[in-house]
Amino acid sequence: MTMTAAASTDIREAFPPSLLACLKAPGKPDSHGLEPIEGGLRDNFTGNVYPFLDSVPSLMPGSIGERDAKTGVVRDFYEANPFPSYEGLEEFGELVAKGSSNPFSAQLLEAIGYNKLILECGCGTGQLSHFLQLNNNHVLGVDMTLASLRLAVEHKQRNGLRRSAFCQMNIFDLAIRDGTFDVVISHGVLHHTPDARTAFASIVRKAKPGGIVMVGLYNRYARIPTWIRAHLIGIFGARIDPVVRERIADPRKAAIWIADQYRNPLETWHSLDEVLEWFEENDVEYLNASPAILGTSGETAKGLFERTDPGNRYQRLVTQLGWLGSIAREGALFDVIGRRRG
Ligand SMILES: C[S@@+](CC[C@H](N)C(=O)[O-])C[C@H]1O[C@@H](n2cnc3c(N)ncnc32)[C@H](O)[C@@H]1O
């Protein structure tokens, strides 16, 4: 098969060359780069073709459910409940306004700066990926759920966005060359995998030496109120969830949030100390946490990627118990940021 002019235009629209250069054939060494052909990407070594499914390059061959039953169940769940909902954010301007007024995403964009290559693992419908392509950044969003990726590509095409691109992949078998991204993010994802520790090791390898790694997880302590609400929501209804009560007016958006929070087939809970262990195992230096660890320099840090001290076990425990009164209201996600040594 030869590449046609139309195919090369399609792929350039779907993929900036800087992101295409980071891809490789799934399950193969980094030397197996991919080149665009009509309707897919071809392994330049073996000639194997990986097709586009509904305009989404699929680099996840085979049935995930057959290879890994738990991951298959999670994917089925997100195919039925693509997260997060685009309700009210169909125009890019609306999405930028929301991202800029959200302290976390605004600080993240500021810390990342300009002209960076960013990988978002488990991008869902791609809202954060789209937002981070501001500042001339190029962002690759990968996820295993096609229904979510379709919405990400739809938003990209509707708004003519050129610096974000999307691909179907499994985090445990990333079709990405090692050491290629300035920033690797996985926010609200690894706790929906059967083995978050192994998933973390898989994503870290994709950061350049000296690159940033940021992981957002459900907290072991702050998630307890959600667990209690999950047992009561059948009786009292969706309004016992503070986010639905205070922030989500649209019923479809609320239904997706409730499904994600309370009916998820697989979730695990994690602590700051556990993530610090993952960092050591993978040669990642701790930089900061969000929310900050109490009594540490993180509380006065000027930027999300500033190097701060992680405190001691007691400070971290008090911090996480304190989160019962703060992030517990909105899903109990905490983020830890580090720098890959090298
Ligand atoms: C709660 S959503 C988070 C989406 C987005 N990061 C956000 O914060 O809005 C979790 C996402 O992780 C994805 N995911 C879970 N396990 C995965 C895996 N093994 N490989 C790729 N994606 C995965 C799901 O498909 C889903 O889109």
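Helices (DSSP runs of H or I, at least four residues) and strands (runs of E, at least two) are numbered from the N terminus. H13 spans residues 272-281, and its buried residues are Leu 272, Val 275, Trp 278 and Phe 279. Viewed down the axis of H13, these buried residues fall within an arc of 115 degrees, so they line one face of the helix. That arc is taken from the directions between the helix axis and the C-beta atoms. As a rule, an α-helix has 3.6 residues a turn, so residues three or four places apart point the same way.

What do the buried residues of H13 pack against? Their partners are helices H9 (196-204) and H14 (313-322), together with strands E9 (207-218), E10 (284-290) and E11 (333-340). Contact means C-beta atoms, placed from the backbone, within 7 Å.

Residues are numbered from 1 along each chain as its sequence is written. The pLDDT, the predictor's confidence in each residue from 0 to 100, averages 93 over the protein chain, and 94% of the residues score at least 70. Over residues 1-6, however, the pLDDT is below 50. Where pLDDT is low, the predicted coordinates should not be read in detail.

## A four-stranded sheet

Now look for an open sheet with the strand order E1-E2-E3-E4 and antiparallel pairing. Two strands pair if DSSP finds at least two bridges between them. E1 (34-37) and E4 (56-57) are the edge strands, each pairing on one side only.

Four bridges join E1 to E2 (residues 40-43), and Ile 37 has Gly 40 in E2 as its bridge partner. The hairpin of E1 and E2 has two residues between the strands, and Gly 39 there takes a positive phi near 80 degrees. E2 and E3 (residues 49-53) pair over three bridges, with Leu 41 opposite Tyr 50 in E3.

## Around the ligand

How many residues surround the ligand? There are 21, and the closest are Gly 122, Gly 124, Met 144, Thr 145 and Gly 188. A residue is near a molecule if its C-beta atom, placed from the backbone, lies within 6 Å of it. Helix H4 (residues 69-80) gives the most to this shell, with three residues.

Methods. This is a predicted model: local features need pLDDT of at least 70, side-chain atom pairs count only at pLDDT 80 or more; totals for chains, interfaces and linings use all residues. A residue is buried if 20 or more other C-beta atoms lie within 10 Å of its own, exposed if 12 or fewer, and partly exposed in between; C-beta atoms are placed from the backbone. Two residues are in contact if their C-beta atoms, placed from the backbone, lie within 7 Å.
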